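Please keep the model open while reading.

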Amino acid sequence: MKDIPQISESELEVMKVLWNIKRGTSSQIVNILSESTDWKPKTIQTLITRLVSKKAIEVDKSNKKSYTYYPKLNEDEYKNSASTSFLEKLYNGSINMMIASFIKNKKMSKDDIEELKHLLDE
């Protein structure tokens with residue numbers, strides 16, 4: 001398994017944009033994030049720069065006027081890694097403990113439980 005960089009919640013928002021649009025300039029990323037956040041363009045540019053240094057995104061510098069950014073980190077690989085990390089940190093790696101916790105704390109609806117039963121039956 002390849003090394004998955006640690007990504008902050010803010011950096012993850014930039015990654016979500018790039019996973020969605022596949023490739024984009026910093027202006028495009030700023031425009032999209034400006035609709036859902038109150039971040040300043042400079043803040044978003046800083047997040048992009050951090051993600052490049054973490055090797056989560058790549059930059060195509062062939063157009064000198066506007067660099068194009070694209071994800072190097074695969075969304076599914078990141079989700080799998082984050083899920084595993086979450087399970088390890090909070091539930092000692094036990095998915096049974098996690099599900100039991102959600103059920104006991106009523107974080108799962110009856111429909112959720114039925115869907116889970118269906119998935120387990122398959």
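## Exposed residues and helix packing

Asn 92 counts as exposed, because its relative accessibility is 65% and the cut-off for exposed is over 50%. The model is a predicted one. Asn 92 sits in the loop that runs between helix H4 (75–91) and helix H5 (95–104). Its phi is positive, about 50 degrees, although Asn 92 is not a glycine.

Lys 22 also has a positive phi without being a glycine; the value is near 75 degrees. This residue belongs to the loop between H1 and strand S1 (24–25). With a relative accessibility of 55%, Lys 22 counts as exposed.

Leu 119 is part of helix H6 (residues 110–121). Its relative accessibility is 52%, so Leu 119 counts as exposed. Leu 119 and Ser 83 are 36 residues apart along the chain, and 18 Å separates their C-alpha atoms.

| Residue | Location | Relative accessibility |
|---|---|---|
| Lys 22 | loop between H1 and strand S1 (24–25) | 55% |
| Asn 92 | loop between helix H4 (75–91) and helix H5 (95–104) | 65% |
| Leu 119 | helix H6 (residues 110–121) | 52% |

**H1 against H2**

Two packed helices are described by the angle between their axes and the distance between the axes. At what angle do the axes of helix H1 and helix H2 cross? The angle is roughly 115 degrees, and the axes come within 10 Å. H1 covers residues 9–21 and H2 covers residues 26–36. H1 and H2 are therefore roughly perpendicular to each other. The crossing of H1 past H2 is right-handed. From H1, the contact takes in Glu 13, Val 14, Val 17, Leu 18 and Ile 21. From H2, it takes in Ile 29, Ile 32 and Leu 33. By class, seven of the contact residues are nonpolar and one is charged, with no polar residues.

**H2 against H3**

H2 also packs with helix H3 (residues 41–53). Here the angle is about 120 degrees, and the axes are 10 Å apart. That makes H2 oblique to H3, because roughly perpendicular covers 65 to 115 degrees. H2 passes H3 in a right-handed crossing. H2 contributes Ser 26, Ile 29, Val 30, Leu 33 and Ser 34 to the contact. H3 contributes Pro 41, Ile 44, Gln 45 and Ile 48. Six residues of this contact are nonpolar and three are polar, while no charged residues take part.

Ile 29 and Leu 33 of H2 are among the residues that touch H1. Ile 29 and Leu 33 are also among those that touch H3.

**The whole chain**

How many helices and strands does the protein chain have? There are six helices and three strands. In sequence order they follow the pattern α-β-α-α-β-β-α-α-α.

The C-alpha trace spans about 55 × 35 × 25 Å along its principal axes. The radius of gyration of the protein chain is 18 Å, whereas a compact globule of 122 residues would have one near 14 Å. Of the 122 residues, 26% count as buried. Among contacts with a separation of 6 or more, 50% come from residues 24 or more positions apart.

Terms used
Residues numbered from 1 in each chain as written. Predicted model: local features only at pLDDT ≥ 70, side-chain atom pairs only at ≥ 80, totals over all residues. Heavy atoms only, no water. Axes fitted to C-alpha atoms, helices over the stretch in contact; angles between N-to-C directions. Helix = DSSP H or I, 4+ residues; strand = E, 2+ residues; numbered from the N terminus. Parallel < 35°, antiparallel > 145°, perpendicular 65-115°, else oblique. Left-handed = near helix turned anticlockwise from the far one by under 90°. Contact = heavy atoms within 4.5 Å. Nonpolar A, V, L, I, M, F, W, Y, C, P; charged D, E, K, R; others polar. Rg over C-alpha atoms; globule rule 2.2 N^0.38 Å. Buried < 20%, exposed > 50% of the residue type's maximum accessible area, 1.4 Å probe, protein only.
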